[in-house]
Each structure stands twice: as structure tokens, then as C-alpha cells.
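Thank you all for coming. I would like to walk you through one structure this morning, going from the overall picture to a few individual residues.

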Amino acid sequence: MMIQFWGIIKKYFFNKVRLILILIGIILIAAAFSPLGSFDELTVNNVNSLLISLGTNFIGIWITISFVQYFLDKQNEKDEKRQENATILRYNCVMSILLQRYLRYCFCVTTPIAKRNKNDSAMPNTEFSFSDMYDMYKTPAFTNDNLMKPVIVSFYKSENNLHRYVHRMIENIPFKYNKNLAEILMDITKIHLTLDSEDAILGNMNIMSDGKTLSETISEYIKSNSNDWVKMFDMGELQSNIMLPYVLLYKRLKREIELFNEYQKCIEQLKKSEV
């Protein structure tokens, strides 16, 4: 921060000097073409020549300084861009770990247990449907997880860790030269905040209805094709409906997965540009 401050101060005084030089040069040349009173012609010519020479010299110095400043600014810009890129890639070392964990749980939330073993990549299918999410209250498929907890619990934990890190990146990186990446991260944060339904979805695990948990009943609703919950949401027919939090999660996952794919593409392009 102090380096940037002194850089601004130096540039300010540098611009002041340039302004003074060009003004002096213009004034001297203008004076050369002004009447000098009752001096003889030889004296007038000598004075005019001297004024024009001094004026052109000052303008020449101004031009030289301007070119030097231009190249210095270009070099500083390259250094700033290189430093920003290096900072982004350094943050991405942790971000990539958190993102892989998040995508792994996305896969479990959006893939029925019967289909999980058929997908070796354990990466979410971007074309998943709402009815694919009916096993979200079942245990995860990974041996390093707590097998007593539903996968949706692990998903939200990983998602919250990821979004805290996204927020940290937005706060600590200026993104002066990577505005598209900043926009992606901001969109991710907006989606996370506007389509949040975590409390309702996790809370339904503890509510009993007709001798079973409400989460079991909802899983049956999600699996059933008797209602098109997503279409009803799009038509504004799910207000205060028990299925609203799940459609919000569906919409959120669709958009988040898309945005994180865009983020990864930006990072790959950044890596190639640094080679």
C-alpha cells in the first residue's frame, strides 16, 4: 500500500514538472514573436533566436520526459498485472481444493445412489434434473466422510467453506486486470446469497410427519414425477410451498456449477498466459 501511495505522489509531481516545462516553452516561443520595443534589428533577432531556442529546448525536454513516463507506466502496468496474476494463482491453490470438494458433494446431491458408482469422475452432471436430487438425505459415497450424516449436510459445509474463500478473494485481490474473473466471483456470491435455503432444508431432517421425518416425505416428492415443481416455481406457484427451498437449491446448483466451470476456464487461460 505504501509503495502504491509513493508511486501516486511521484507521478503527481512528475506531471506537474511536465506541465511547467511545456508552459515555459510556449511562453518563450510566444515572447519571441512579440514586439521588443525600440531595440535595433540585430538585437531583436538575437533575442528572438535565443527565446525560440530556449522554448524549443524546453518543449524537447517535455517530449523526452513524456516518452520516458509512457514507457515507465507501461512497465509498471506489466509488473502490476504479473503480480495480480501471481496472487490469483496463489489463492487458486487453496480454491481448487475447496472447489473439488464442493463439486464432489454436488455430484452426490444431484445423483441418485444407484447411479453414483457408474460415474468414476464423481463430478456433477450439468444436465441433472430436479428428480435426480431425491437421495440428498442419504449418506455420502466417500469413505472419508461421516457415514452417519446425510450428504446434504456435508455439501453445505463444503459450500460454505468455498464461499468464505471466494469472499476473501474478492476482498483481497484488486482484479484490475482480470475484471471478467471478478465478475464471475461476484455472480457466485450473489447466487449464494439470493437463493439460500440451507436452514429450511437441514431443518426438515428433524421434523416428524405421519410417523417419518419430513425429509423422507420430501425425498418422495422430489423422486415422483406427479408434479413439475420447477415449472410451478417459474410460474410463481410455489410461494410458501414446502418444496420451494428444494427448487431454490436446484436453481442455485445449476447456476453455481456453470459459474465455477467459467472460473476454472479463466484460471486455465491465466496459467497459459504466465508460461
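Take His167, which lies in helix H4; His167 is partly exposed, because its relative accessible area is 42%. The C-alpha atom of His167 is separated by 8.1 Å from that of Leu185, although the two residues are 18 residues apart along the chain.

A word on where these values come from. This is a predicted model, in which local features need a pLDDT of at least 70 and side-chain atom pairs count only at pLDDT 80 or more, while totals for chains, interfaces and linings use all residues. Residues are numbered from 1 along each chain as its sequence is written, and side-chain values use heavy atoms, with hydrogens and water left out.

How confident is the predictor, then, and where is the mean pLDDT lowest and highest among the elements? The pLDDT, which is the predictor's confidence in each residue on a scale from 0 to 100, averages 82 over the protein, and 72% of the residues score at least 70. Among the elements, helix H1, residues 2-32, has the lowest mean, at 60, whereas H5 has the highest, at 96. Over residues 36-40 the pLDDT is below 50, and this stretch has five contacts in the model beyond near neighbours in sequence, a contact being heavy atoms within 4.5 Å.

Turning to the overall architecture, the protein has nine helices and two strands, and from the N terminus on its elements run α-α-α-α-α-α-β-β-α-α-α. Helices (H or I, at least four residues) and strands (E, at least two) are taken as DSSP runs and numbered from the N terminus. Of the 275 residues in the protein, 38% are buried. If we look at contacts with a separation of 6 or more, 69% of them are between residues 24 or more positions apart.

What sits at the centre of my talk is the largest nonpolar core, which has 58 residues. By a nonpolar core I mean a set of buried Ala, Val, Leu, Ile, Met, Phe, Trp, Tyr and Cys residues joined through side-chain atoms within 4.5 Å. The residues with the most contacts inside this core are Phe130, Met133, Met136, Ile152 and Phe155. Among the elements that give two or more residues to the core are helix H2 (41-110), helix H4 (151-172) and helix H9 (244-274), and H9 gives the most, with 14 residues.

Leaving aside its neighbours within four places in sequence, Phe155 is in contact with Tyr102, Tyr105, Cys106, Val109, Leu249 and Leu253. Tyr102 and Phe155 are both buried.

The whole structure holds eight aromatic pairs. Rings of Phe, Tyr and Trp (its six-membered ring) pair if their centres lie within 6.5 Å, and planes under 30 degrees apart count as stacked, over 60 as edge-to-face and the rest as tilted. Tyr102 and Phe155 form a tilted pair, with 5.7 Å from centre to centre and 35 degrees between the planes. Because Tyr102 lies in helix H2 and Phe155 in helix H4, this pair ties together parts that are 53 residues apart in sequence. Ring pairs also link Tyr102, Phe155, Tyr156 and Phe260 into a cluster.

Leu89, which is in helix H2, is in contact with Ile267, Leu270, Lys271 and Glu274, once its neighbours within four places are left aside. Leu89 and Lys271 are 182 residues apart in sequence, yet 7.7 Å apart in space, C-alpha to C-alpha.

Finally, two residues with a particular backbone angle. Most residues other than glycine have a negative phi, and most peptide bonds are trans. Phe175, in the loop between H4 and H5, has a positive phi of about 55 degrees although it is not a glycine. Ser240, in the loop between H8 and H9, has a positive phi near 65 degrees. Are these two residues buried or exposed? Phe175 counts as buried, at 4% relative accessibility, whereas Ser240 is exposed, with a relative accessible area of 77%.

Terms used:
Buried means under 20% relative accessible area, exposed over 50%, partly exposed in between (1.4 Å probe, protein chains only).
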